[in-house]
Protein chains: 2
Amino acid sequence: MVDQKNNYVRIFDTTLRDGEQSPGATMTSAEKLELARALARMGVDIIEAGFPAASTDDLEAVRRIAEDIGQVAGPSGQPPIICGLARATKADIDKSWQAIQYAARPRIHTFLATSEIHMKHKLRMKPKQVLASVKEMVAYAKAYCEDVEFSPEDAGRSDPEFLYVVLEAAINAGATTLNIPDTVGYTTPDEFGALIAGIAANVPGIEDVIISVHCHDDLGLATANTLAGIRAGARQVEVTINGIGERAGNSSLEEVVMILHTRHPVLGLETGIVTPQISRVSRMVSNYTGIVVPPNKAVVGANAFAHEAGIHQDGMLKEKTTYEIMRPETVGLTQSTLVLGKHSGRHAFRVRMEELGYQLNEAELDEAFYRFKDLADKKKTVTDADLEALTTDVIYQPAEIYGLDGLQVACGTMGLPTATVRVHGPDGEVHVQAAVGTGPVDAAYAAIDQIVRVPNKLLEFSVQAVTEGIDAQGEVTVRIQAQDGDHSTHAQCDEEHQRTYGGYGTDTDIIVASVKAYMAALNKLLSVQGNEPKERNAKPVGAAE
Amino acid sequence: MVDQKNNYVRIFDTTLRDGEQSPGATMTSAEKLELARALARMGVDIIEAGFPAASTDDLEAVRRIAEDIGQVAGPSGQPPIICGLARATKADIDKSWQAIQYAARPRIHTFLATSEIHMKHKLRMKPKQVLASVKEMVAYAKAYCEDVEFSPEDAGRSDPEFLYVVLEAAINAGATTLNIPDTVGYTTPDEFGALIAGIAANVPGIEDVIISVHCHDDLGLATANTLAGIRAGARQVEVTINGIGERAGNSSLEEVVMILHTRHPVLGLETGIVTPQISRVSRMVSNYTGIVVPPNKAVVGANAFAHEAGIHQDGMLKEKTTYEIMRPETVGLTQSTLVLGKHSGRHAFRVRMEELGYQLNEAELDEAFYRFKDLADKKKTVTDADLEALTTDVIYQPAEIYGLDGLQVACGTMGLPTATVRVHGPDGEVHVQAAVGTGPVDAAYAAIDQIVRVPNKLLEFSVQAVTEGIDAQGEVTVRIQAQDGDHSTHAQCDEEHQRTYGGYGTDTDIIVASVKAYMAALNKLLSVQGNEPKERNAKPVGAAE
């Protein structure tokens, strides 16, 4: 039996791997690094930084995280473990090690499917071959790295008896963590809890390793299945911020952590998460990926805390716990307040940015401060959310290949919406182009397309107001796909899939924000297609001229 | 013990009551009626149509639903039960009956809190008084109506022994359904299942009534708790479309139904839901309430089905079930395809609208067809999603008090975004006003404010593309709150709370769509404040002139 006295549940965040695999969630290397920094600061125990074999870009991003984040002590006093995913092949394991070896505490995570349906239709391997491969590849990983995690993919639909044999083989070959994924989100909590309990009871040597769970939300049960796994003995949970991930996504970090926190008297389990950082990291992931958090999302949705939404304004309900089981401050949610005004100086700005957790160099600080002053001129109150939006927009953009110099738009109900753009290209030359469209955004994008000439398909377009009030900044996220686009290898399907690129822009003018977002997505696409980025322009894109 | 042989789980939809209570989800009476029609057609067993004591408007909306929807047979062959919520007071029960009596199968649902914290801080009643009140009020409701449901509010935090006594008293007073709410979303599936099992085992007379469960998602466990309740003997589940509702919302209809459907071989339970209608009703609720469905939402999110998202394009995975546990068609999700082109005639249009489930009168059909032709001129392909968006926009708008005649906008990176609007007022006079703002939307809203002069606060603003491609229609939803706004009584807190109003607009020009959405929200606000609506203009708002 698993040692039940160990009440510490390890939080393994896979936002950068399983989360980033969801359509359109592609992040730039700078964004990945910034997110890894935020995860480490929040006390995540293990950061799955990516799938290095997917592409050279992915390998490089994991390597930078291992080097920069994997060496710095977090709230626990030691650096987070940096983990790289690898299929059960030598080439993948080599690449994973190449990327993570620079971390103080590296981990190789390899996997192979064990369900009949996956072995037959995907792997085209007999169970005996799967067993042999697990032994060989776990041992191969172990030769590089003391810390090896093995996952039997689609464990939720695997024959338990076969699973026990495979897991025992993985332990004997050196695996230190056994992760049990419900890959297709098929099980109920009763079934998944029983699966974990069966593993804890029947796999020889299981008491010497950590059992982990990895649940998907296809039936809305990911969080409950994760909890059932913990109660059956799992002491590592694989989760993502905001529950993003393939299809309906993964179990949410914020939900699992807040269950253990809120129901601590009953469950008696601990995590290392610094909960007041949850809201901020949630907003960061939503900004970087463009995947919205609905207002009714547990823990991090805008309506999640009744008392913050102004419903119970008067004092009739003296006792907050009548309708409140968590305090908003526990997850770092504070009323949106004026933090800086138009007369705030550079020092106050720098201090606030540091409090928000941004590490900006002098050039970045200059750029962000310039943008802040510009915003403070237009908008009465500048809040933390505004600061985070402009930082995202200015600092973590991809290297600029084409840059926006100016935009002019005329539209309305009279028809013929027209946009004129001025854009500078990689060779420094300036292009001016006008175009007409079905609306102002369509017109502006058409004008840009006539200059940049990268055939692409717009998959998604959305605008959100960052803060309350119509003078708020608009936040635009777009997602595009190159028409004869580059590909990336998918970890689980061994398939090449077409990459999609997200772009993000903010401005008080939503048309300007839309154009910035599109230019950002195009620049991401062009960077990956191997175009030479030039030095980033010191003057912010689209600033008033 | 509850009769476990009964394998039919009743679906009680409370989108129109608990869902509509969430901030900004306020729907017009026409929208409520249309949603009730869609729910009935989908096979919902019980529609909780509202809380009639909240306001005259709410009572009237419930009455119309009882009259129009509560008389028409659904897929089961009989009309849905129409339910009205009432606090445990005679006045509330009177109003509930006033509204629902026109249905073929009316139900009164009354509730009173039984947890120590609620009895002490909210009700300021002793347990003995609560027990007496339950007896009296259930009997009072029973005198009106054979079908009475009783809920002990905050049951999840109530003393089970006291709960048993209260429930027994409710049965003896005539309750036919006992609904057990986890009002604050506090319990884990193990705890909630045990609570239901305890009730099934310990309440005398429980075998003659239906046990119902009502779970909230504050810890992300609503769906799992609902399932645990069903497995412990509950045969009614209270759910909402997209899981909307107070705070983190309620258990999702689509998740609970698809668990029972997908895992039928294991669970052996049935519902009466026509699952291919799920996607359409989900989009309708998202449109009407302005509450977004994130791409990673189980069952109804845009990414929920991997194969639809184009990730596994080639034939390598011959066996779809490798990564797919539900077929997209099961929930009515089909590839966005061209259904109508610019040369389609009125007959083809009418047929398609009927297939989509819209019952339009001749005038509405004219208006929708006019808009369709206008759209088909601007946009290459007109999809089902486009048709639904324009129907929502044109047909189910609130009665028009102020109407938009024209809009002209100039904006860009040169500063001074300027908008000019032409608006006609309730007395027929035409106003033209120009204003400058921080962006084009801010400028247009400022111009409208100078004409309409209803001080209000913009709480939320978002734009989504309806379909793929930048020539798609933009869908804008806004949410405003009147500054010295009217109030509505909150069922659970007995508090007056300030109403918020959602507005919705679509156009290929997102600034035009933004203005339409704002005008719709203002008209909703003005209607409720008792301004005389005039006859709706035959010419669609904002059509090209």
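**Close-up views of a predicted two-letter chain model**

**View 1. G505(B) lies in strand 16 (residues 500–507) of chain B.** Helices (H or I, at least four residues) and strands (E, at least two) are DSSP runs that are numbered from the N terminus. G505(B) is buried, since its relative accessible area is 0%, where buried means under 20% relative accessible area, exposed over 50%, and partly exposed in between (1.4 Å probe, protein chains only). From C-alpha to C-alpha, G505(B) and V478(B) are 8.9 Å apart in space, although 27 residues separate them in sequence. This is a predicted model, in which local features need pLDDT of at least 70 and side-chain atom pairs count only at pLDDT 80 or more, while totals for chains, interfaces and linings use all residues. Residues are numbered from 1 along each chain as its sequence is written, chains are lettered from A and ligands numbered from 1 in the order in which they are written, and side-chain values use heavy atoms, with hydrogens and water left out.

**View 2. F349(A) and F372(A) form a stacked pair of rings.** Rings of Phe, Tyr and Trp (its six-membered ring) pair if their centres lie within 6.5 Å, and planes under 30 degrees apart count as stacked, over 60 as edge-to-face and the rest as tilted. The centres of these two rings are 5.1 Å apart and their planes stand at 25°, so the pair is stacked. F349(A) belongs to helix 13 (residues 346–355) of chain A and F372(A) to helix 14 (residues 362–378) of chain A, so that the pair links parts of the chain 23 residues apart. F349(A) is buried, with a relative accessible area of 0%, and F372(A) is buried with a relative accessible area of 0%.

**View 3. Y445(A) and Y518(A) form an aromatic pair that is stacked.** Their ring centres are 4.0 Å apart, with 10° between the planes. Y445(A) lies in helix 16 (residues 440–452) of chain A, whereas Y518(A) lies in helix 17 (residues 510–528) of chain A, 73 residues apart. Both Y445(A) and Y518(A) are buried.

**View 4. The charged end of R263(B) sits over the ring of Y186(A).** A charge sits over a ring if NZ of Lys or CZ of Arg is within 6 Å of the ring centre and within 35 degrees of the ring normal. Here the charged end of R263(B) is 3.9 Å from the centre of the ring of Y186(A).
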